[in-house]
Every structure is written in C-alpha cells, then in structure tokens.
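Student: I would like to learn how to read a model like this one, feature by feature. Please begin with the general idea each time and then turn to the case at hand.

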Amino acid sequence: MPLAPPTYLRLSAPPFDGAYVGVREHRPPRPTSGAGGPLVLLTFHPGFIAGSYGEWDYFARLSAQIFQSLDPRYRLRVFTVNHPGYDHPPGATIDRFRLEAYSIRRQPEAMRAALTWLLDGPLAGERDVVWVAYGHSMGGLALSQCQTEALVARMAAAGRRLRPARILSAPAFCLHPQARAIIVQLDALHALKLTLGRLPLYEPVATGLYRSFAPFFYRLSAPQFSIGGLGGFTGFRRLNPFVLLEQGRELLRLEAADVCGPDTLADAHVILARQDGMVDCAATHDLIAAARRQGHRVHHHDVDSTHLLELDAPDVAAGIVRQVIAEAVA
C-alpha cells in the first residue's frame, strides 16, 4: 500500500515545546468513490515501537485489506498518526533529560492536535465526517484517554458534524506479569543514564549500542511476548532509545485503576487476542465487565491472533473496522 510522504506537525505549546507529530496518509490503489454522504476518516494510532517509518507502516496490511473491500457508498481517507518522538524531521533532536513531551500521558493531547490539523487542513472542505479511530496497544491506551467532545463541539460551532467511534485493539491497560518483569532491566538503564548521561561520549555510545543490539533482544523476546509479526521491521535505528526507555518504564508501571475510569470504555469496540502474550486479557475482560456494570455499552471482540493482530490477521481486523464504519455511517 503506497504511503504519502510524512507531514510533520510541530507542537509549540507546553509541555511539547517543539516536539513533532508525524502524520502519514495511506493512499488507495485506485481513487475512492465520489459518492455523496459523509467522509469516513480512519486514523491509526500505533503501539510501542510500531508506527510509520520510511516505507514501513505497522497498519499497511490492514489498510490494504480495507481498501480492497471498500463499500462504494462512501469515501474513505486513512492516516497513521505517530506519537511524538517516533518519526520526526531529519536533524530534529531530542534532549534525553527533557522527555516530558514524549510521556505516554501526553499522547492524547498530541492526538487531539493532529486531528484538529486534519479537520481544519486537509479535510477543511468536509461538512460531515465519520471519524473511526483505531488504536493498538499503547495507541489504544492513548485513544481511550483522548477526550473528543471538544473536537465535536468545535466542528459543530463551524456548522460541521463530527461523529467519532473508537476501536481499542489490545489496549495496554493491563500487561502480563512476564512483561512487567523486565522493569528491573529498564530501571538499571535509567540509573545508568542519570549517572553517566552527561559525559560527552554517553549519548553516541548508548545510541550505538541500542541500534546494534535492539534487533537481537527483540528476536530473543518475540516468542515470549507473541510479537513475532514484527520480524520484518527494520526501523529500530530510527527510534530514539531514551524515548523508548521512558515510555517502557511508564507502561510497565501503569496500573489500570489509574487510567481505566468509568467512561474510558464507553461505546468503544475492544479487541482482545486469545494468543496475546503481552496484554493480560483476563484482567481486561474484568475491566469490560466493570464498565458494563456501571451502565456503559462496550463492544467486545475476541479473536484468534497474537498481540499483533494487524500484522498477523489483518483480514480479521478489517472485518471489525468495516462493521464499525457501517454502523457509524448508518
């Protein structure tokens, strides 16, 4: 699936202070229908490590499946919205001691900024937009925290309509104890940064070691965490090891009670994979049950796949996306 060149959005407001969000459009193999009615906007929000880099996009297989079976009654535009710190302009630097802008707590704010740009820029001529947001793992966590009411109200004030729907695929509310166990190693690396991080050679040496050994350690842990589908990923050298270190420590220490409040799962479609070695599906099932007991409607999909459903079984994920689009358009 061809990808448009990235657009880099510079976030100037605190706490971002110049961090970038990269947005990539997925181009259909042929022009989509010019039928009337609402535009369907599908945005993808990737998980930890995954994203859109060069010619590789974590969601490329899924978008290809969706475009292949596109309903001719509506128009569709598809974008991947990277998290700050993942894809940025050549030459842009990240201060390893100032990483607040790249915290997972800030990802919902960056997400809203990217959507505001999309709606006011490339999609400014659209009066009626059905927005289906699809977040995987860490992206699902961020999407669950993204307050969309302000976007809806802003569109309404301009005489436009925005109808959001959310798909949370393997959201990172609850991680397996085996995943949490590696926090000891990450804390050791963090302590090393605090101790030696200001030495002149620390940054190039640490970055070089990461780029050399990350693929090896990834392959070593792939069976344990059921992430073998990333075997074709070659973007490790594009990632900032200090951003990954901070996000990894945050994710592994995250407690579901701190982020999964009463409204987090309201009206969301939650996808859980039976062979997922990263997410604790049983604990996530409990969160869904608790949300339903509080009166919220939660659409739950159990699928036969690993943590990387969008790579391992994109046809299954595409079927759920088509269902959500059909319901939202209707």
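Tutor: Helices (H or I, at least four residues) and strands (E, at least two) are DSSP runs, numbered from the N terminus. Alanine 170, for example, sits in the loop between β8 and α5 (177-180). The model is a predicted one, in which local features need pLDDT of at least 70 and side-chain atom pairs count only at pLDDT 80 or more, while totals for chains, interfaces and linings use all residues. Residues are numbered from 1 along each chain as its sequence is written, and side-chain values use heavy atoms, with hydrogens and water left out.

Student: In what order do the eight strands of the open sheet lie?

Tutor: Two strands pair if DSSP finds at least two bridges between them. Here the order is β1-β2-β6-β3-β7-β8-β9-β10, and the pairing is mixed. At the edges are β1 (7-11) and β10 (299-303), each of which pairs on one side only. Axes are lines fitted to C-alpha atoms, for helices over the stretch in contact, and angles run from 0 to 180 degrees between N-to-C directions. With direction ignored, neighbouring strands of this sheet are turned by 20° against each other on average.

Student: How many bridges join β7 to β8, and how many join β3 to β7?

Tutor: Strands β7 (residues 128-136) and β8 (residues 161-169) run parallel and are joined by nine bridges. Tyrosine 134 is opposite isoleucine 167 of β8, and valine 129 has leucine 162 of β8 as its bridge partner. Seven bridges, also parallel, link β3 and β7; there threonine 43 is partnered by alanine 133 of β7.

Student: Which faces of β7 are covered?

Tutor: Burial is read from relative accessible area: buried means under 20%, exposed over 50%, partly exposed in between (1.4 Å probe, protein chains only). Nine of the nine residues of β7 are buried. Both faces are covered, with Asp128, Val130, Val132, Tyr134 and His136 on one side and Val129, Trp131, Ala133 and Gly135 on the other.

Student: What does helix α4 lie across, and which strands does helix α12 touch?

Tutor: Contact means heavy atoms within 4.5 Å. Helix α4 (residues 149-157) lies across β7 and β8, at about 160° to β8. Helix α12 (residues 314-329) packs on the sheet and touches β3 (39-45), β7, β8, β9 (269-273) and β10, its direction making about 150° with that of β7.

Student: Where does serine 137 lie, and what does its side chain meet in a polar contact?

Tutor: A polar contact is a pair of N or O atoms within 3.5 Å; within protein, one must be able to donate a hydrogen and the other to accept it, and residues adjacent in sequence count only if both atoms are side-chain atoms. Serine 137 is in the loop between β7 and α3 (138-145). Its side chain and that of histidine 307 form such a contact, at 3.1 Å. Leaving out residues up to four places away in sequence, serine 137 touches Gly47, Ser169, Ala170, Pro171, Ala172 and His307. Serine 137 counts as buried because its relative accessible area is 9%.

Student: What is phi at alanine 170 and at isoleucine 49?

Tutor: Alanine 170 has phi near 45°, a positive value in a residue other than glycine, and it is buried, at 3% relative accessibility. Isoleucine 49, not a glycine either, has a positive phi of about 75°. Isoleucine 49 lies in the loop between β3 and β4 (52-53) and is buried at 18%.

Student: Which peptide bond is cis?

Tutor: The bond from proline 14 to proline 15 is cis, with omega near 5°. Proline 15 belongs to the loop between β1 and β2 (19-26).

Student: Which residues lie nearest the centre of the second largest pocket?

Tutor: Of its 25 lining residues, Pro164, Ala165, Arg166, Ala266 and Asp267 lie nearest the centre. This pocket has a volume of about 640 Å³, and β8 gives the largest share of its lining, four residues.

Definitions and conventions:
1 Å grid on protein atoms, 1.4 Å probe; cavity = no way out; pocket = protein on both sides within 12 Å on 5 of 7 lines; lining within 4 Å. Points joined across faces, edges and corners; volume = space filled by probe spheres on them.
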